[in-house]
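Here are a few notes to read alongside the model.

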Amino acid sequence: MIYDFLLLIARYLFTLAPLVVRAQYSPRLPIDIVVGLPRDEGHIFKNPFKLTLPKSQPVFDVAVEDVYYKHRLMPPGSLRVVYEDTQLSDAIAPQRMVEHYCNRSVDAVMGMAYVYALAPVARMSAFWFGGVPVFTTTGLVDELGDRKEFPLLTRMMGTYKTLANLMYEIARSQGWHHFYFIFNDEAGIEGGKGLPRSECYFSLYAIRNRIQKETDIIWHVDMFSTKNATRRKYGDLLKKVSMSSNSEFFPVFPM
């Protein structure tokens, strides 16, 4: 995916190359690509897809070589890829990108594994120079689909809105009208404690946004934390679902 990711951005930048060359902030090649990723995987809620610099950099190196010599999209030396350790921080990651903006050394941003760090960068980049595109394989959350807020953000893996539409179509085809969502969200159970919301939360948030528009669909929600969940707690949750259904069937979607 990272390989295809860089080929896509190379094709994108190739079409813009004449404009980039004339731009005030990048008067000549190479085109500066800043890759923001953590050096370590960190907490699963901050880095759900386990992206890191050591894993990604070799793929970028191969992709850059293929851009030059295999696909001949750009002449050798046209791309200058710089790697920044974002430390999975919503303060450090934007600061690193802003530093590149101030140094006039960013034409595109890639990576940003932590969604809370991605959002401010994708929001600000539209105002840098003539606009700096942001490409990511994460950021599936519903809110990042707002093109007014994030006009230059490209999400390579799709969005949870697509998942929500799929769930809605399945529900309609099966004649389901009652839902009880059960999902893992340590931040919600533990009262935050500096943790972000889980991908389970974000995916079900998108599903809820889709189904709540329908007047004939009833839904309930409950959450648990795998950090302290036990077999008994899982059993209690399932009993609660059964009792809440009032003798009717509620589809359960554990995340």
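At what angle do the axes of helix α3 (residues 92-102) and helix α4 (residues 115-124) cross, and within what distance do they come? Before the answer, some ground rules: this is a predicted model, in which local features need pLDDT of at least 70 and side-chain atom pairs count only at pLDDT 80 or more, while totals for chains, interfaces and linings use all residues. Residues are numbered from 1 along each chain as its sequence is written, and side-chain values use heavy atoms, with hydrogens and water left out.

1. **α3 and α4.** The two axes cross at roughly 30° and come within 8 Å. Axes here are lines fitted to C-alpha atoms, for helices over the stretch in contact, and angles run from 0 to 180 degrees between N-to-C directions. Helices (H or I, at least four residues) and strands (E, at least two) are DSSP runs, numbered from the N terminus. α3 and α4 are therefore roughly parallel; angles under 35 degrees get that label, over 145 is roughly antiparallel, 65 to 115 roughly perpendicular and the rest oblique. Ala93, Pro94, Met97 and Val98 of α3 meet Ala117, Pro120, Val121 and Met124 of α4, where contact means heavy atoms within 4.5 Å. By class, that contact has eight nonpolar, no polar and no charged residues (Ala, Val, Leu, Ile, Met, Phe, Trp, Tyr, Cys and Pro count as nonpolar, Asp, Glu, Lys and Arg as charged, and the others, Gly among them, as polar).

2. **α5 and α7.** Helix α5 (residues 160-174) packs on helix α7 (residues 199-211) at an angle of about 55°, with the axes 8 Å apart. This pair is therefore oblique, and α5 passes α7 in a right-handed crossing. Among the residues making the contact are Tyr160, Leu163 and Met167 of α5 and Phe202, Ala206 and Ile207 of α7. The contact residues divide into eight nonpolar, two polar and three charged.

3. **Tyr205.** Do have a look at Tyr205, which lies in α7. Tyr205 is partly exposed, because its relative accessibility is 24% (buried means under 20% relative accessible area, exposed over 50%, partly exposed in between; 1.4 Å probe, protein chains only). Its C-alpha atom is 8.7 Å from that of Tyr160, 45 residues apart along the chain.

4. **Thr138.** This residue sits in the loop between β4 (134-136) and β5 (153-155). With a relative accessible area of 3%, Thr138 is buried. Its side chain makes a polar contact with the side chain of Thr136 at 2.9 Å (a pair of N or O atoms within 3.5 Å; within protein, one must be able to donate a hydrogen and the other to accept it, and residues adjacent in sequence count only if both atoms are side-chain atoms). The Thr138 side chain also reaches the backbone oxygen of Met112 at 3.1 Å.

5. **Thr52.** Another threonine to inspect is Thr52, in the loop between β1 (31-37) and α2 (53-70). Thr52 counts as buried at 3% relative accessibility. A polar atom of the Thr52 side chain lies 3.3 Å from the backbone nitrogen of Lys55. Leaving aside neighbours within four places in sequence, Thr52 is in contact with residues including Leu37, Pro38 and Asn47.

Technical notes. Left-handed = near helix turned anticlockwise from the far one by under 90°.
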